[in-house]
Amino acid sequence: MSPKTNGDTVTYEFPYMRKPKAKTSIWRGIYNSDKNYILGRTPRNWGSLLIFYTIFYIILAAMFTICMQGLLSTLSDQAPKWQLESSLIGSNPGLGLRPLPDDLNRGALIWYDAKEKTQVEYWTRLLSEFLQPYTNKSMMVGGGRNQVQCNHDTAPGLGQVCAVNIEKNFGSCSESNGFGYNRSSPCIYLKLNKIFNWVPEYYDNVDDLPEEMPTDLKDAIKALPPSERKQVWVSCNGDNSADEENLRGFSYYPSRGFPAFFYPFKNAPGYLSPLIAVQINRPALNRIINIECRAWAKNIIYNGSLRDRQGSIAFELMID
């Protein structure tokens, strides 16, 4: 209570005599009828705010659309803007390998028991799935109608691409032959990564072959007529002398190289990278064999280190 003095008289006011304040409800916070507020603003305020943000976001969307159209106008669906040395991937193609296990923790190890049908089927299934675009024309652009059979004397015409005939040209490394896995002579498939507009510089002069090139590859090049020497050559060998002792040679299908008529890659519809099937002929059993395959061209840089491998691929093979 609080005292109040009136002359010689002192009176006291008690709080319960005051008029209680009106309680604020949730509905009053949403709509205040005294001030005509809706959520703390008048309808006029809300209208002004709505108009401002509508105009703001329209301008923002228009600026974003103009920027995107400007960017897309500099790009092409057929060719990358940055090519070869100007691009992130550069002009040195990598060498790819199939099959690779589903379990990435196994790395590039091909390990199976030739007597176990399920293990053989596992690796052949991986290869069959990889070869689907080559064998199933329904997966190709236009059903593969623009694919033609090419040779070293005939290049594809305008709008055409060279076909890769898996069953006809890959011998015992074809699917009908189980890719050699059931006979302990497994096949691997090699391909060069696609780089737009890259043209190989071939080792087609038998008098200008590099000293480090394997002798068997040199002999194979010399045995070909000059018109068939424009190829990106491939060689496979054991990683060291112990691995070499456990190998009995390799067979290559359809040849030792990727032919010139597949290059340059221009992103033509239906184009498929050329393949080389390498059959490992009856390697030693029950031991891990390290194998390296290398691509040979004057403008393919080779580096065999584990941390910065270029122009080659390494894998391990073990057959029980």
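Helices (H or I, at least four residues) and strands (E, at least two) are DSSP runs, numbered from the N terminus. The model on screen is predicted, and local features are reported here where pLDDT is at least 70, side-chain atom pairs count only at pLDDT 80 or more, and totals for chains, interfaces and linings use all residues. Residues are numbered from 1 along each chain as its sequence is written, and side-chain values use heavy atoms, with hydrogens and water left out.

**Stop one: the largest pocket**

Begin by selecting α5 (166-169) and β12, each of which supplies at least two residues of the lining of the largest pocket. A pocket, on a 1 Å grid over the protein atoms alone, is an open set of points with protein on both sides within 12 Å along at least five of seven lines, whereas a cavity is a set of points where a 1.4 Å probe fits but cannot get out; lining residues have an atom within 4 Å of a point. Grid points are joined across faces, edges and corners, and a volume is the space filled by probe spheres set on the points. The largest pocket has a volume of about 390 Å³, and of the 22 residues that line it, Cys150, Asn169, Pro254, Pro259 and Phe261 are the closest to its centre. The largest share of this lining, three residues, comes from β12. Sorted by class, the lining has twelve nonpolar, eight polar and two charged residues, where Ala, Val, Leu, Ile, Met, Phe, Trp, Tyr, Cys and Pro count as nonpolar, Asp, Glu, Lys and Arg as charged, and the others, Gly among them, as polar.

**Stop two: the cavity**

Next, select Leu192, Asn193, Lys194, Ile195, Trp198, Tyr263, Phe265, Tyr271, Ser273 and Pro274, which line the largest cavity. A search of the whole structure finds one cavity of 30 Å³ or more, and the volume of the largest cavity is about 80 Å³. Its lining is made up of seven nonpolar, two polar and one charged residues.

Asn267 has a phi near 65 degrees, a positive value in a residue other than glycine. At 31% relative accessibility Asn267 counts as partly exposed, a class that lies between buried (under 20% relative accessible area) and exposed (over 50%), with a 1.4 Å probe and protein chains only.

**Stop three: other backbone features**

Most residues other than glycine have a negative phi, and most peptide bonds are trans. With that in mind, select Arg98 and Pro99, which are joined by a cis peptide bond with omega of about 10 degrees; Pro99 is in the loop between β5 (95-98) and β6 (109-112). Then move to Leu84, in the loop between α2 (43-72) and β5, where phi is positive, about 50 degrees, although the residue is not a glycine.

**Stop four: salt bridges**

A salt bridge is a side-chain nitrogen of Lys or Arg within 4 Å of a carboxyl oxygen of Asp or Glu, and a search of the whole structure finds eight of them. Select Asp204 and Lys230, a salt bridge whose closest N and O atoms are 2.9 Å apart. This pair links distant parts of the chain, 26 residues apart, with Asp204 in the loop between β9 (187-192) and α6 (215-222) and Lys230 in the loop between α6 and β10 (231-238).

Now show Arg256 with Asp216, where the closest N and O atoms of the salt bridge are 3.4 Å apart. This pair, too, links distant parts of the chain, 40 residues apart, from the loop between β11 (250-253) and β12 (257-259), which holds Arg256, to helix α6, which holds Asp216. Arg256 is buried, with a relative accessible area of 13%, while Asp216, at 42% relative accessibility, counts as partly exposed.

Asp113 and Lys115 form another salt bridge, with closest N and O atoms 3.3 Å apart; Asp113 is buried at 16% relative accessible area, whereas Lys115 is exposed at 67%. Finally, select Asp102, Arg125 and Glu129 together, which are linked in a network of salt bridges.
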